[in-house]
Amino acid sequence: MPQNNRMVCLVRNPTAGFSPDDFEIREVPIPKPGEGEFLVRNLYLSLDPANRLWAAPMQTYVEPVQLGTVMRGFTISKVIESQHPDFKAGDIVQGMDGWQDYAISNGVNHNDEGKIDTWNLRNIQQAGLPLTTGLSVLGTTGLTAHYGLLHLGQPKSGDTILVSGAAGAVGSIVGQIAKIKGCRAVGTAGSDEKCEMLIEEFGYDAAINYKTENLEDAFTKHCPDGVDVYFDNVGGETLDTALIHINMGAQVIICGAVSQYTTAEQGVQGPDNYTFLLFKRASMHGFIILDHYPNLRGSMEAELIQWVKAGKINYREEVVDGLENAAVAINRLYEGKNLGKLLVKIAEPS
Ligand code: NDP
């Protein structure tokens, strides 16, 4: 086993997308777990659009990552050594152990509110599914889609579900769950290739290229009966235009606002058309999936495993090799270059 831990530390707040100069790789001796702790070897790292918010010195739903400390990130890891009653050497777990090779954990991830627990991936292993799904379709991504659409959106068969960022990790799952529930799924994405994926691979009924089509015309054309649930991943102009098309009693689910993240410090483009919430007696609901892990993670994971095994949900992953490449790879999210859930492979699972 190596003696040192490589830590990718945030040393500068980004000003637009991330720059490699925002990070520094530092090497320190691998720490030893104390009583109630365990040492993990990180295997995979999740790169998430929200990473840009976490790296900004501003108020969000978690404390900003402090300069000089390890960049925060969701991980899949192997337990190497444990002094914790619930984790043993060899366990594969999903946690938030950051952009580094090794980490000490106490089972409650390094979330300031102490809310999220490290999650043993034994169900995924027993189902014979790849470990990486613990960060994609069976991890935060799939759980976000499941919770946002089903628990908040509460769609009924025959409803029209409009999804922005539809070809992305979360959006591609939302559309497929909508289809499982008998809904019509309409999605927006940033290229013709992604629009084709929406129809061919993820079963969407209609796809809109928001970069080349007029959104107002496209929503009128593809949502002729209006929108019952709008699942928003991008915010900005797409949200604003979608509001004009909502039906009476519609649910507008604010999952994310990726179009706003790289300039969030300078302010966020708000929806001018919010009065449609009033006209249509509709609700707009934001959520953070981490809040629901303690109560709902097990049941949502079980249902998603079933759907994936039955071939009812397809998923894509894009895996970049090497922790040292995370700082460059992350911009793929803000440039729309990722095709599937963006992950970094840090070490072989063996
Ligand atoms: P994605 O796989 O969807 O990757 C990000 C995508 O965003 C890009 O591929 C790109 O697709 C799109 N995008 C980037 N810039 C813009 C822009 N200016 N306007 C419109 N689209 C843009 O990432 P995820 O699936 O992981 O995340 C999707 C959303 O879900 C994010 O907003 C994220 O913050 C949110 N999220 C929320 C959670 C919660 O608990 N509420 C948990 C997890 C994620 P394209 O080519 O189509 O432009």
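**Arg332 and Glu318.** For a salt bridge I required a side-chain nitrogen of Lys or Arg within 4 Å of a carboxyl oxygen of Asp or Glu. The pair links distant parts of the chain: Arg332 sits in helix H12 (residues 331–334) and Glu318 in strand S15 (residues 317–321), 14 residues apart. Helices (H or I, at least four residues) and strands (E, at least two) are DSSP runs, numbered from the N terminus. Arg332 is partly exposed at 28% relative accessible area, whereas Glu318 is buried at 16%. Buried means under 20% relative accessible area, exposed over 50%, and partly exposed in between (1.4 Å probe, protein chains only).

**Basis.** I am working from a predicted model, in which local features need pLDDT of at least 70, side-chain atom pairs count only at pLDDT 80 or more, and totals for chains, interfaces and linings use all residues. Residues are numbered from 1 along each chain as its sequence is written, and side-chain values use heavy atoms, with hydrogens and water left out.

**Other salt bridges.** The count by this rule is 15 salt bridges. Arg12 forms one with Asp22, with the closest N and O atoms 2.9 Å apart. Both residues lie in the loop between strand S1 (4–10) and strand S2 (23–29), 10 residues apart. I noted Arg12 as partly exposed at 40% and Asp22 as buried at 1%. Glu24 and Arg26 also form a salt bridge, 3.0 Å from N to O. Here Glu24 is partly exposed at 38%, and Arg26 is partly exposed at 31%. I also found a network: Arg6, Arg41, Asp101 and Glu324 are joined by salt bridges that share partners.

**Cavities.** The structure holds 2 cavities of 30 Å³ or more.

Which residues lie nearest the centre of the largest cavity? They are Ala169, Ser172, Tyr315, Arg316 and Lys341, out of 14 lining residues, each lining residue having an atom within 4 Å of a point. Helix H4 (residues 169–180) gives the largest share of this lining, 3 residues. I recorded the lining as 7 nonpolar, 5 polar and 2 charged. Ala, Val, Leu, Ile, Met, Phe, Trp, Tyr, Cys and Pro count as nonpolar, Asp, Glu, Lys and Arg as charged, and the others, Gly among them, as polar.

Conventions. 1 Å grid on protein atoms, 1.4 Å probe; cavity = no way out; pocket = protein on both sides within 12 Å on 5 of 7 lines; lining within 4 Å. Points joined across faces, edges and corners; volume = space filled by probe spheres on them.
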